[in-house]
Every structure is written in structure tokens, then in C-alpha cells.
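Visitor: Hi! I'd like to chat my way through a structure. Can you help me read it?

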Amino acid sequence: MSSPEMLKEADRVMVICNSCRYCEGFCAVFPAMERRRTFTAHDLKYLANLCHNCRDCYYACQYAPPHEFDVNVPKTLAELRLETYREFTWPGVFKGLFRQNGLAVALVTTLSVLLVLLLTFLSKGPAAVFAIHSGENAFYQIISYWAIVIPLSALGLFVLTTLLKGIANFWRETGGTPGELFSPQANAQAIWDVLQLKYLDGGGHGCNYPDDRFSFIRKWFHHFVFYGFILCFISTTIAAIYDHFLHWPAPYPFWSWPVVLGTMGGVALLIGTVGLLVLKLKMDPSPAAPRAFSMDIAFLSLLFLTSLTGLLLLVFRETGAMGILLAVHLGIVVGLFITMPYGKFIHAAYRYAALARNANEKLAEDRLAVDPTQNKA
């Protein structure tokens, strides 16, 4: 549960903002806020996850520190958002991973890499690991087919289940109805908002990030990360179809679809994660939640290492380094899968759910404008 103090502070800030309304054009939070006269805990948790931390409102606010009202919307909503990550996550036994998240991600990933390396050496021996393997099934001469497919498939299913359960918890805890959750119109609008990263435009001039100047740089680096991740996902899916259904075993030629898409996605992830890490180190910490810093750095670093080791494996796959690189890359991927639902990645699920709920509210508002009698329903 979110702490009463956190909810009380978020309520205080939203009440002041709802009286002022100077920032109503900056992002989706303020129109959503204006649809309410009072704020329940459900409302505040929803608004916290609708905030994209673009910070335009903080630098424009006449009541921001050092004013005695001490209004800091991005920081307040970021603090509450972190509380909701723990509250909505499933299963609850893993909630503790959100505390000292950077350390938890580093430990899980390091142990995953060491475990895969140990099992690889024990099963194949150093001579096989450092030998040169090429042609079809080269990867499986280092780590067997089933030793790759079964653990990663199980982890993928676990991650998907956890994300869907988290979205269901978010929807229930923020007062949404099942019908709204599956609304085709609302989901189409939410998907379009995600594909554009619409609210990283701020008020139209970009975010005040990493400092008080307007800039689109954060949005572009987010695009690199988002579409790089999507390309890698499509590449992996095509490779799985090739392997499991067409019986074309990896590794694939450079100009094959899995390699071309994976290479493009990996390079995009490297550019995006490095850019966001640099911005993160340069940012003004005043409108941020201090507890989020290590979580952000850990997730970006893990994505960077996943891409880097994948690209190195591609470059050196016909050398004696392939065995070590394959084991390290798979170990990092295992660490990424295990920690995805219990780190910064989870914001993607809750942010999407918040955008879908926002789209539902706008649709209801539009219907009411056309037919005011619906207000009686």
C-alpha cells in the first residue's frame, strides 16, 4: 500500500494545481486532473503513472520551491509512482526487489552470468568452449538447444504473466472497469500515444531535461531504446520461427532477417541507452525522486550490456571467443528477464495502462459533449 504521507502530499499538490491550472497544456496529467474536484487514492495513483516526468510544469510553476507552497509535481508523482510499483507487483514476495533496486539488479545479473558460465564449462569442458565452431548448430555445440529454449521460454512466460497481472492490479486499484480495459478505441489511442512518445513533447517545445532548457533530446533517445527493443524482439521471434517451425538452426547469415533486425535493434539500443545515461548523470535532481536514480541506471546499463554482448557475439561468432561470448550474453539475458518485472521496465506496463485509462476518460468526455443526457447514467 502507498504510504498515507505520500498520498497526502500528492493530494495537496494536486489541489493547488487544480486551483491554478497554468500548466494545463503541458501533458495529459493536467487535463486528467481538471476532470476531478477532489482526489481519491485511486486518482492519485493513476495520475502518478500518467506523468512522464517531462518537468515543464516544475520550471513554469510560480509555486515551485523556494515558494512556501513548495509545489513540485514531477518529484511528488515520481515518489508516489515508485510506491505503486511495489504495490501493484506480482507475486508480492518479490516486492523487496524494488528496494535498493540497483544493487538487486547487479547481483541477480552477475549471478546469472556466473551460473551460465559455470554450467557451460562443466557440461562442455574448456576445450569445446574455446574451440572454433561454425556453420549450422554452432551455438548448440557450446550450450545445448534445450538448455537455451526451456529456461528462456519459462522466463519469458513468467515475465508476460507478471506484466499482465501488474496491469490488472493497476486497473483494479485505480478504479477502472473491465469494459474500459478492453475498449478497442481507448487501446488504439493509447498505442498511438506510446508509438509517438507523445507526452515527451511537454507543451510542444520538448522536455525541460536535463536542465531548464526545452529539448527533444530525451524523446529521441527514448525512441532509440523503444524501437531498438521492438526490433530485437521481432528478430528473436523470427529466429524462433526459423528454428522451431522451419528447422533452420542458428546462427543465421548476416543478411538474414533475424540478424539484420537484431543488429539494427542492438545499435539503436546502444545509442539510446548511452544517451539516456549521459542525460541522467547531467539532469537537475530537484524535480526527481532520489530513490529512482539507481533503478534507472541499473536498467539502462543492463539493456546496454545485453546489446553490446549480442553485437560482440555477432562479430566474433566464428572465432574461439564465441563460446565465452555466448555464455555471457545468455547470462545477461537471463538477468534481464528475471529483473524486468521488478525494476524500471515495469513503468512501461503501468504507463500504458494509465494512457488507456486517460483515453477512456477523454472518450467519455467527448460522448458527454455530444449527448449531455449521458451524465445522468
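Visitor: Which residues is Val116 in contact with, leaving aside its neighbours within four places in sequence?

Guide: Val116 is in contact with Ile143, Ala327, Leu330 and Gly331. Contact here means heavy atoms within 4.5 Å. This is a predicted model, where local features need pLDDT of at least 70 and side-chain atom pairs count only at pLDDT 80 or more, while totals for chains, interfaces and linings use all residues. Residues are numbered from 1 along each chain as its sequence is written, and side-chain values use heavy atoms, with hydrogens and water left out.

Visitor: How many residues apart in sequence are Val116 and Leu330?

Guide: They are 214 residues apart in sequence, and their C-alpha atoms are 7.4 Å apart in space.

Visitor: And where does Val116 sit, and does it count as buried or exposed?

Guide: Val116 is in helix α6. Helices are DSSP runs (H or I, at least four residues), as strands are (E, at least two), numbered from the N terminus. Val116 counts as buried because its relative accessibility is 16%. The cut-offs are under 20% relative accessible area for buried, over 50% for exposed, and partly exposed in between (1.4 Å probe, protein chains only).

Visitor: Now cavities. How many of 30 Å³ or more are there in the whole structure?

Guide: A search finds four. The largest cavity has a volume of about 120 Å³. It is lined by 15 residues, and Cys17, Cys20, Tyr22, Cys23 and Cys61 lie nearest its centre. α1, α2 and α4 (56-60) each give two or more residues to this lining, and α1 gives the most, with three.

Visitor: What classes do the residues lining the largest cavity divide into?

Guide: They divide into 13 nonpolar, one polar and one charged.

Visitor: What about the second largest cavity's volume?

Guide: That is about 70 Å³. Its lining includes Phe26, Cys27, His52 and Leu77, and α2 and α5 (73-88) each supply at least two residues.

Visitor: Back to helices. What is Ala10 in contact with?

Guide: Leaving aside neighbours within four places in sequence, Ala10 is in contact with Leu44, Thr76 and Leu80. Ala10 is found in helix α1 (residues 4-20), and it is buried, with a relative accessible area of 1%.

Visitor: And α9, which of its residues are buried?

Guide: Ala186, Asn187, Ala190 and Asp193. Seen down the axis of α9, these buried residues fall within an arc of 120°, so they line one face of the helix. The arc is that of the directions from the helix axis to the C-beta atoms. They pack against α8 (178-181) and α14 (346-370), while Pro184 and Gln185, on the other side, are exposed.

Visitor: Last one: where does Arg36 lie?

Guide: Arg36 lies in the loop between α2 (29-34) and α3 (41-50). It is buried, with a relative accessible area of 10%. Not counting residues up to four places away in sequence, Arg36 touches Asn18, Asp43, Tyr46, Arg357 and Glu361.

Technical notes: 1 Å grid on protein atoms, 1.4 Å probe; cavity = no way out; pocket = protein on both sides within 12 Å on 5 of 7 lines; lining within 4 Å. Points joined across faces, edges and corners; volume = space filled by probe spheres on them. Nonpolar A, V, L, I, M, F, W, Y, C, P; charged D, E, K, R; others polar.
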